[in-house]
Amino acid sequence: MKKIEDKILDFMKESPKKTFSLDDLEAEMGLQDADDFKAMVKSLVAMEDRGDVLRTKKNRYALPEELDFVKGTFRAHEKGFGFVLPEDQEMDDIFIPPTQVNNAMNGDIVFANITKIKGDNLAEGTIHKIVERKTSQVVGTYMEDLMGDPIVIPDDKRTFGQVEIDLASGLKPVDGHKVIVELTEYPEGRHRARGIVKMIIGHRNDPGVDILSIIHKHGIPIAFPDDVMEEANKVPAEISDGEIGARRDLRDQVIITIDGADAKDLDDAVTVSQLPNGNHKLGVHIADVSSYVTEGSALDREAAERGTSVYLVDRVIPMIPHRLSNGICSLNPHVDRFTMSCEMEIDASGAVVSHEIFESVINTTERMTYTDVNDILVAEDADLRAKYAPIVPMLEDMYALSKILNKKRDARGAIDFDFKEARVVVDEEGRPTGVVTRERSAGERLIEEFMLAANECIAEHFFWMQVPFIYRIHENPKEEKLQRFFEFITNFGLVVKGTANDVHPRALQQVLEEVKGKPEEMVVSTIMLRSMQQAKYDTANLGHFGLSTEYYTHFTSPIRRYPDLIVHRLIREYLIHGDIDDATMAKWAERLPEIAEHTSKMERRAVEAERETDELKKTEYMVDHVGEIFKGIISSVTNFGLFIELPNTIEGLVHVSTMKDDYYQFHQNQLAMIGERTGRVYRIGDEVEVEVTKVDVDHREIDFALRSLGKETPGFKRSKKTVEISKSFKKNKNRPSGDKKRKDNDSSRKKGKQDGGDAGHPKKKKKKPFYQGVAKGTKPKKPRR
C-alpha cells in the first residue's frame with residue numbers, strides 16, 4: 001500500500017497538471033484489474049485523511065500546495081474567530097473569521113485557504129478541511145437547555161458551542177456538576193457536538209472543584225499509575241555508605257540550600273569560598289534524580305510524559321511521586337544526599353576560568369529561606385546574624401560573588417524583567433484570603449545568578465564536546481513584533497539603538513533602565529516581553545537572546561523538570577562513564593528532538609494552567625471587595641476602555657460606557673482615551689483611583705469605575721506626556737468629531753485586550769472588525785518570568 005502512495009505522490013509532483021481524475025491516476029499506475037483499482041482508491045482515501053492530497057468538489061485530486069492551501073494548527077479565540085498557525089514557520093498566521101471556522105475546534109490540524117490579504121500583510125482565510133481532530137474530551141458544567149435537553153457548557157470558551165449529552169450511556173450527572181465529556185460526534189453544520197459523561201469531578205460549588213476542573217481541562221494527570229508507585233515505594237528512604245561508591249564525598253563542606261519558606265522539593269544547594277589567588281570558588285550541587293529515575297523505568301516513562309511539575313495556587317502536581325521529590329531526592333538539611341556537582345572558579349570579572357563536573361554526596365548544613373537571607377544581608381538583622389553566625393561570612397561572600405556575576409551579565413546585555421511576583425493565599429477550602437506580592441531581593445538574586453552560571457557552564461562544556469545535547473534556547477525576536485514595540489515606546493519618548501532586524505539585547509535592557517521607577521515601567525516591560533519569542537528546548541544550540549549568552553541549558557531542577565533530568569543522564573553517560581561511541585551518539589541524536597518538543601509543550605501546558613488558576617482565585621478574591629476603593633495605574637488602553645492594574649497585580653476594566661463626564665475617543669497613535677469636550681486624557685502609566693463595581697468569576701472579569709472621573713486624583717500624578725497631549729488637544733481646533741451617543745460595546749471587553757482598534761463609536765462610516773486589537777493566535781497572557 002505504501003508503495004502505491006509513494007508512486008501517486010511522485011507522479012503528482014512531477015506532472016505539470018495540478019489536478020488529477022481517477023482515470024489519470026489509474027492510467028499512470030498501469031492497473032490491470034478491479035482489485036488493483038480498489039487498492040489505489042483505498043490509498044487515496046488514506047492519503048486524503050492524512051492531508052497528503054486534497055479532493056476537489058469535482059472529485060479530482062491535487063497536492064495541497066498546488067491549490068494554495070496551507071496546512072496548520074487552528075487556534076480558536078473565545079469570541080468565535082481564530083488563527084491558523086502554518087506548519088511552515090516562515091509563514092505568518094492566517095486569520096479565520098467566525099463565519100469561516102467551519103466547525104474546526106481549538107487545536108485541530110486543518111487546511112486553510114487564503115482568501116485575501118489585508119493591511120500589514122495579514123492573511124485572511126477559511127477552513128477548507130479538518131485533517132485531524134485534536135480534542136477528544138471536554139470539561140464543563142452540566143445543565144439542561146431551554147428545551148430540557150441535557151447539555152454541557154465547556155469551561156474552555158475556545159470550544160465553540162454546547163455539547164449534547166447522551167444520558168443513555170455514560171454517567172448521570174445532576175445540574176451544576178463539573179464533568180468530563182468524551183466526544184462521540186464532532187460538530188457538523190448546525191448540529192452540535194455530542195458526547196457521554198466520562199467522569200463527574202464534583203459540584204461547581206464544592207470546595208476545590210474549580211481548580212480540579214482546570215487541571216482536567218488541560219489534561220494534567222494527578223494520580224500516579226500503580227506501577228510507578230510500586231517503583232517509588234522500592235526506593236530506599238536513606239543512603240547507605242555502601243552506595244556511595246566512587247562519588248566525591250563533600251559531606252564535610254558547609255553547603256546550604258536557599259529556597260522559599262514553603263518549598264518542599266529542594267533540588268539545589270550551594271557553597272562559596274575564596275581562593276588564595278583572590279578568585280571565588282562556587283559549588284552548585286543538584287539533586288541526582290537520575291540515580292533513582294532510571295532510563296526506561298515506569299518512573300521515567302511517567303516523568304517524561306508529564307514533563308514538568310505544575311505549581312497551582314493550592315497544590316503542586318509533581319513530576320515524580322512525593323516519596324522521591326520530597327524525600328530521597330530533596331536536599332533536606334542534615335541528611336546524606338546524592339548530587340551532581342558543578343564547581344567553578346570565577347575571577348573578579350565574573351569569568352569562569354576553570355570548572356569541574358562530577359558525581360558527589362553532600363549533607364547540607366542549613367535549610368535557609370529567601371526571607372532570612374534577605375534579612376541577614378540587606379536588613380542586617382542582629383538576631384538572625386547571631387543565629388546563623390557560622391555561615392554569615394559565607395553568605396556575605398555569596399552576596400559579593402552574585403554582584404560580580406550580575407555585573408558581568410548586565411555588561412553583556414542580558415535583559416532583566418523585574419516583575420513583581422504575586423501569590424494568592426488560600427484557606428483550607430481553597431478560598432482566597434489575600435494576594436501577596438514580593439520583589440526579588442538578595443537571596444533570590446544570588447541563587448538566580450548561581451543557577452545561571454551553572455547552566456551556562458554545563459551547556460558550553462557539552463557544546464564543545466560535540467555530542468547530542470538538549471539546550472534551553474531563546475531565539476531573536478521576530479522583526480515585525482519588535483518593530484511594533486519600537487513604535488509603541490515612542491509614545492513615551494523612548495528610542496531603541498538598532499533596528500528591528502538587528503538589535504542587541506543590551507539595547508532593550510537600556511529601555512527597561514530608562515523607565516525603571518516610572519509609571520510606565522510595568523507596561524513597557526509587559527509589551528517588550530510580548531514582543532519576544534517563547535523560550536523552549538531544542539537540540540540545536542541557538543543561544544539565549546534574553547540572557548545574551550551563546551550557551552544555555554537547564555541542569556538545576558531535575559526534581560521538577562524532565563529536560564534537567566535528561567541533562568544529568570547525558571552527563572553521566574558522556575562524561576562520567578565516558579560512553580561517546582557511535583551507537584550512544586546515534587541513540588541520543590534520535591531521541592532528543594522528540595524529548596525537546598514534548599517537554600516544551602508540557603511546559604506551556606503547565607504555564608497556562610498556573611495562569612488560569614491565578615486569574616480564577618484573584619477574581620474570587622475581589623468578590624468580597626465590591627464597592628471598595630483602590631489606587632492603580634492604567635496598564636492598557638483599548639477602544640472599549642481602560643485596564644487598571646492594582647499594586648497587588650489584580651487587573652480590571654473601566655468600560656468606556658461608564659466614563660460619562662465626556663465623550664471619549666480612543667487615539668491609537670497616542671494610546672490614550674481623550675475627552676472630546678474637555679480634552680481630558682487617560683493614558684498608559686497614569687495613576688488613577690477606582691471603585692470595584694462588579695466581579696464575574698465565571699468569566700474572570702472585574703469591572704472598575706473611575707473614582708476620579710472629571711477631576712485629578714489627590715496625591716496622584718499623570719505622566720508629562722499625558723499633560724502634553726491634553727494641552728495639545730485643547731489647542732487643536734480640529735478635534736475629533738463623533739456622535740454623542742455612546743456605543744456600549746460589551747462584546748469587545750476584556751479578552752480582546754491589546755493596544756489597538758478603532759474608537760468603537762457609531763458615527764464611524766467604516767467600522768473596523770471586532771477582532772481588531774486582539775493578539776494573533778491567542779488571548780493576551782500575563783507575563784511570567
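**Reading the model**

Mentor: Let's start with helix α4: its buried residues pack against β9 (137–144), β12 (177–185), β13 (193–203), β19 (316–317) and α16 (582–623). Contact here means heavy atoms within 4.5 Å. Helices (H or I, at least four residues) and strands (E, at least two) are DSSP runs, numbered from the N terminus. This is a predicted model, where local features need pLDDT of at least 70 and side-chain atom pairs count only at pLDDT 80 or more, while totals for chains, interfaces and linings use all residues. Residues are numbered from 1 along each chain as its sequence is written, and side-chain values use heavy atoms, leaving out hydrogens and water.

Trainee: Which residues of helix α4 are buried?

Mentor: Buried means under 20% relative accessible area, exposed over 50%, and partly exposed in between (1.4 Å probe, protein chains only). In α4 (residues 209–217), the buried ones are V209, I211, S213, I214, I215 and H216. Just after α4, look for G219, which takes a positive phi of about 70 degrees.

Trainee: And how much of the protein chain counts as buried?

Mentor: Of its 785 residues, 52%. The chain's secondary structure comes to 17 helices and 34 strands.

Trainee: How do I read a salt bridge, and how many are there?

Mentor: Look for a side-chain nitrogen of Lys or Arg within 4 Å of a carboxyl oxygen of Asp or Glu. By this rule you get 53 salt bridges. Take R251 and D336, whose closest N and O atoms are 2.9 Å apart. R251 sits in the loop between β14 (248–249) and β15 (256–259) and D336 in strand β20 (residues 336–346), so the pair ties together parts that are 85 residues apart in sequence. R251 counts as partly exposed, at 28% relative accessibility.

Trainee: What about R700 and E612: buried or exposed?

Mentor: Both are buried, and they form a salt bridge with the closest N and O atoms 3.6 Å apart. R700 is in the loop between β33 (687–696) and β34 (701–706) and E612 is in helix α16, 88 residues apart.
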